[in-house]
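Open the model in your viewer and keep the selection tool at hand. The tour below says what to select at each stop and what is there.

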Amino acid sequence: MTDLNLSPKNPARAHADALVLAVAGTDDGARILTAEPMPAKAVAALDTLLPALGVTGKADEVVRVPAGEDLAATVVVLTGVGKVTDRPGLEALRRAAGAATRSLAGTEHAVLALPAENAAQVGAVAEGALMGAYRFDHYKTSDPAPVARLELATPAAKTKEAQAALARAVAVGDGVRATRDLINASPRHLYPETFAEAARAAAAGTDVTVTVLDEQELVAGGYGGILAVGMGSARPPRLVKVDYAPARAAAHYALVGKGITFDSGGLSLKPAKSMETMKDDMAGAATVLHTVLAAAALALPVRVTGWLALAENMPGGGAQRPSDVITMLDGTTVEVLNTDAEGRLVLADALVAAREERPDAIVDIATLTGAQVAALGTRIGAVMGTEDLRGAVVTAAEAVGEEFWPMPLPEELRPSLKSSIADIANMGDRFGGMLVAGLFLQEFVGDTPWAHLDVAGPAYNEKAPYGYTSKGGTGMGLRTLLGLLEAAAAR
Ligand code: BES
Ligand code: MN
Ligand code: ZN
């Protein structure tokens, strides 16, 4: 765990293990960016050395150099913010801070002297630093610990605004790191029952109440989708409700998360290569859990009800068969043509359960389709749904430094989901597969304003880490959902 504080003191005099400075690329070459309380003259000597050091200031460039005589720290860590004409933007600061703290594993005490003069910049640097410091070392018998103590130098340290920005950054940092922990956990250890226990443990001592439906309660309640998907596993499914209901709530949002703790495909078995990352198929549920907890930590005046639809999709003897017909919570019958299209089945039940409470809006988040990855790659999420809420998600994402692009729900694809023997099939046209999945979910939301976030690509980073994004689970979507709730609170 990384501890972070604001400090108004001159960072040049800090006896820290590392001093982190931002370097920008400009038309006249690389330049160290200083701002209050960091005196420019303390880094003037280092600034002139940048060409010789080969430092360009490009994003994700992190270079470690001896601190020299003008600085009390042991080493300087130079982190690139990219090409800058004036001041770096908030996302550039977030990423530069994250890339730096990622490189600080094993360090005890570091001072961040990135340009952070106002509350928004303080929030961005703090968020990036906390997300970047994350490491998943749970199963490693030896691994350097994340940087223990961070001091963020800012002239605004004592202001209410900067302290609030810090508190928000800590809530975001904690939420993203806890979401990543759940995603990165081995599916041998994380399955519906242990996920539900983890939700209970995480909510203990907070204003969030957790209700768990076990397999008997799911049968009694008629949750045919969650049960059908869970049947092929020796480890039964769960539906977890996490409710944050403050006294004076401006609105009620329901968040629904896909929680497939492992997706083998079921009897429509995936090829081995496609299965390697399928422990991440519960990223939506993990994100929902920790968004609700972050909203509670920040005491947002919005009621938020999270629904975690948890099941393990396995091909065991009890597994559902392609051609099975199942009955969902609202009575809709579904012909299961492909057991690997399981996310929409568990989500449908959870959407119906969410809708029954008559919230003002429902937002679901899911690693739902390979088509999402084909369309938008691994860094950009997709959002479908009713127009206003879809727009609100795009706007919220932009403001927090995540990317969600609006996608349509074309009417002409709906007939491809027709079944000759049931109300609807769980698979339709292959082309536009992300949109077809969205159209399936649409059948279960009634007339509630609704947005569907497909994060199949961005939920998990298989490549090298970058900025504040680690390898493995990313926690992508949490900041957008929290931003959406904050916007609702402000209305
Ligand atoms: N969990 C997968 C989607 C996925 C694919 C997530 C790649 C992350 C990376 C989902 O359950 C799935 O298997 N979807 C199928 C649906 C198809 C059978 C209609 C897909 O997209 O291939
Ligand atoms: Mn699947
Ligand atoms: Zn899946």
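What arrangement do the six donor atoms around the zinc ion (ligand 3) make? They subtend angles of 78 to 174°, which makes the arrangement octahedral. Six donors count as octahedral if opposite donors are over 155 degrees apart and all others between 65 and 115; four are tetrahedral if all angles lie between 85 and 135 degrees, four are square planar under the rule used for six, and anything else is irregular.

Before going on, note that this is a predicted model: local features need pLDDT of at least 70, side-chain atom pairs count only at pLDDT 80 or more, and totals for chains, interfaces and linings use all residues. Residues are numbered from 1 along each chain as its sequence is written, chains are lettered from A and ligands numbered from 1 in the order in which they are written, and side-chain values use heavy atoms, with hydrogens and water left out.

**Stop 1: the zinc ion**

Select Lys258, Asp263, Asp281 and Glu342, which coordinate the zinc ion (ligand 3) at 2.0 to 2.4 Å. Donors are N, O and S atoms within 2.8 Å of the metal (3.2 Å for Na, K and Ca); water is not among the atoms, so sites may look incomplete. Along the chain these donor residues are spaced K-x4-D-x17-D-x60-E. Lys258 lies in strand β10 (residues 252-263) and Asp281 in the loop between α8 (272-275) and α9 (283-297), so the pair ties together parts that are 23 residues apart in sequence. Helices (H or I, at least four residues) and strands (E, at least two) are DSSP runs, numbered from the N terminus. Both Lys258 and Asp281 are buried; buried means under 20% relative accessible area, exposed over 50%, and partly exposed in between (1.4 Å probe, protein chains only).

**Stop 2: the manganese ion**

Now select the manganese ion (ligand 2), 3.1 Å from the zinc ion (ligand 3); Asp263 bridges the two. The manganese ion (ligand 2) is coordinated by Asp263, Asp340 and Glu342, at 2.0 to 2.2 Å. Its six donor atoms subtend angles of 70 to 168°, which makes the arrangement irregular. Asp263 is buried at 3% relative accessibility, whereas Asp340 is partly exposed at 23%.

**Stop 3: two domains**

Colour domain 1 (3-148) and domain 2 (177-490), as given by the domain assignment, whose bounds come from an automatic or database source. Their centres, taken over C-alpha atoms, are 36 Å apart. The contact (heavy atoms within 4.5 Å) takes 15 residues from domain 1 and 18 residues from domain 2. Together the domains bury about 1400 Å², 58% of it on carbon and sulfur atoms. Buried area is the accessible area (1.4 Å probe) that two parts lose on being put together, summed over both. Select Met131, Tyr134 and Tyr139: in domain 1 they lose the most area to domain 2, together 42% of what that side buries.

**Stop 4: salt bridges**

A salt bridge is a side-chain nitrogen of Lys or Arg within 4 Å of a carboxyl oxygen of Asp or Glu. One salt bridge is counted between domain 1 and domain 2. Select Glu127 and Arg479, whose side chains meet in a salt bridge (3.7 Å, N to O).

Next, select Arg168 and Glu486, with their closest N and O atoms 2.8 Å apart. Arg168 lies in helix α4 (residues 160-184) and Glu486 in helix α14 (residues 478-490), so this pair ties together parts 318 residues apart in sequence. Glu127, Arg168, Arg479 and Glu486 are among the members of a network of salt bridges.
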